[in-house]
Amino acid sequence: GAVVSQHPSWVICKSGTSVKIECRSLDFQATTMFWYRQFPKQSLMLMATSNEGSKATYEQGVEKDKFLINHASLTLSTLTVTSAHPEDSSFYICSATKTGEDSNQPQHFGDGTRLSIL
Amino acid sequence: RKEVEQDPGPFNVPEGATVAFNCTYSNSASQSFFWYRQDCRKEPKLLMSVYSSGNEDGRFTAQLNRASQYISLLIRDSKLSDSATYLCVVNKANSGYALNFGKGTSLLVTP
């Protein structure tokens with residue numbers, strides 16, 4: 001159990017396009033989901049914490065108006081990269097924690113979305 | 001200072017070798033510790049959680065030293081399939097579940 005599906009896996013689009021990435025927990029409820037970004041040869045960096053039914057919490061340096069997060073249900077969080085530019089090209093990964101599970105339990109990661117902006 | 005620091009490697013070892021990775025973390029309030037493995041252009045996959053008493057899972061042994069804020073991973077009898085990047089991961093203190101990832105240590109096991 002504890003499968004997280006992320007869609008799409010790959011996106012290639014023109015500069016200025018907005019791109020939506022979905023993160024779904026398929027067989028469990030996730031009150032909290034996380035969005036990470038990884039540039040080549042760098043570590044995964046937390047962008048924001050997505051909480052079901054409330055506003056996301058963004059890490060310092062991450063523009064909330066640029067990276068829109070919606071967590072409307074216990075199984076779905078979406079990240080929209082608005083007006084994407086080449087510098088937004090990266091590997092975006094979501095993770096989810098099972099509702100009720102404590103923080104000592106590992107998170108469940110999606111497969112990631114490779115975003116390339118031309 | 002970065003929150004989680006690792007030697008990036010690469011570590012090139014022959015099959016059957018024993019290899020050890022080290023990691024230090026900066027926030028003494030962190031409570032959860034993990035080793036993840038990441039293959040090229042893939043999502044990270046949990047290798048093992050790390051407990052204060054140390055724990056072993058087959059060929060993999062993890063140790064935690066809270067006083068030194070130091071975590072280690074030992075891989076015995078390396079296999080070709082162990083080639084990957086190993087990520088040291090620590091929860092963000094006071095943020096519950098959010099994680100801080102190290103940059104990763106690259107391992108290449110050769111025939």
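Predicted model: local features only at pLDDT ≥ 70, side-chain atom pairs only at ≥ 80, totals over all residues.
**Entry 1: the make-up of chain B**

I started by listing the elements of chain B. I found zero helices and 11 strands. Reading from the N terminus, my list for chain B goes β-β-β-β-β-β-β-β-β-β-β.

A compact globule of 111 residues would have a radius of gyration near 13 Å, and chain B has 13 Å, so the two agree. I also noted the box that the C-alpha atoms of chain B fill, which is roughly 45 × 30 × 20 Å along the principal axes.

How much of chain B is buried? I wrote down 48% of its 111 residues. For the accessible surface of chain B I noted about 5300 Å², and carbon and sulfur atoms own 48% of that surface.

Then I checked contacts in chain B between residues at least 6 apart in sequence. Of these, 56% join residues at least 24 apart.

**Entry 2: charges and salt bridges**

I counted charges in chain B and got 12 positive and 10 negative, with their mean positions 5 Å apart. Over all chains, the search of the whole structure turned up nine salt bridges. I looked at some of them one by one.

B:Lys92 has 12% relative accessibility, so I filed it as buried, the cut-off being under 20%. B:Glu3 has a relative accessible area of 37%, so I filed that residue as partly exposed. Chain A comes in here too: A:Glu59 is linked with B:Glu3 and B:Lys92 in a network of salt bridges.

My next pick was B:Glu43 with B:Lys45, whose side chains meet in a salt bridge at 2.8 Å, N to O. Is B:Glu43 buried or exposed? Its relative accessible area is 8%, so I put B:Glu43 down as buried. B:Lys45 is partly exposed at 48% relative accessibility.

Then I went to B:Glu56 and B:Arg76, a salt bridge with the closest N and O atoms 3.5 Å apart. This pair links distant parts of the chain, 20 residues apart: B:Glu56 is in strand β6 (residues 55-57) of chain B, and B:Arg76 is in the loop between β8 (70-75) and β9. I have B:Glu56 as exposed, because its relative accessible area is 57% and the cut-off for exposed is over 50%. B:Arg76 comes out as partly exposed, with 27%.

Which peptide bond in chain A did I note as cis? The bond from A:His7 to A:Pro8 is cis, with omega near 0°. A:Pro8 lies in the loop between β1 (4-7) and β2 (10-13) of chain A. In chain B I noted a cis bond from B:Gly9 to B:Pro10, with omega near 10°. I found B:Pro10 in the loop between β1 and β2 (11-14) of chain B.

On to phi. A:Ser83 is not a glycine, yet its phi is positive, about 45°. I placed A:Ser83 in the loop between β8 (76-81) and β9 (90-97) of chain A. Its relative accessible area is 33%, so A:Ser83 goes in as partly exposed. In chain B, B:Arg41 has a positive phi near 60°. The loop between β4 (33-38) and β5 (45-49) of chain B is where I found B:Arg41.

**Entry 3: one histidine in chain A**

Last, I looked up A:His108, which is in strand β10 (residues 108-109) of chain A. With a relative accessible area of 16%, A:His108 counts as buried. What touches A:His108, leaving aside its neighbours within four places in sequence? My contact list includes A:Ala2, A:Val4, A:Phe28 and A:Cys94. Also on that list for A:His108 are A:Ser95, A:Ala96, A:Lys98 and A:Glu101.

Note on methods: Residues numbered from 1 in each chain as written. Chains lettered and ligands numbered in written order. Heavy atoms only, no water. Helix = DSSP H or I, 4+ residues; strand = E, 2+ residues; numbered from the N terminus. Rg over C-alpha atoms; globule rule 2.2 N^0.38 Å. Buried < 20%, exposed > 50% of the residue type's maximum accessible area, 1.4 Å probe, protein only. Contact = heavy atoms within 4.5 Å. Areas by Shrake-Rupley, 256 points an atom, 1.4 Å probe, with all protein chains shown as cover. Lys, Arg positive; Asp, Glu negative; His and termini not counted. Charge placed at Lys NZ, Arg CZ, Asp CG, Glu CD. Salt bridge = Lys/Arg side-chain N within 4 Å of Asp/Glu carboxyl O.
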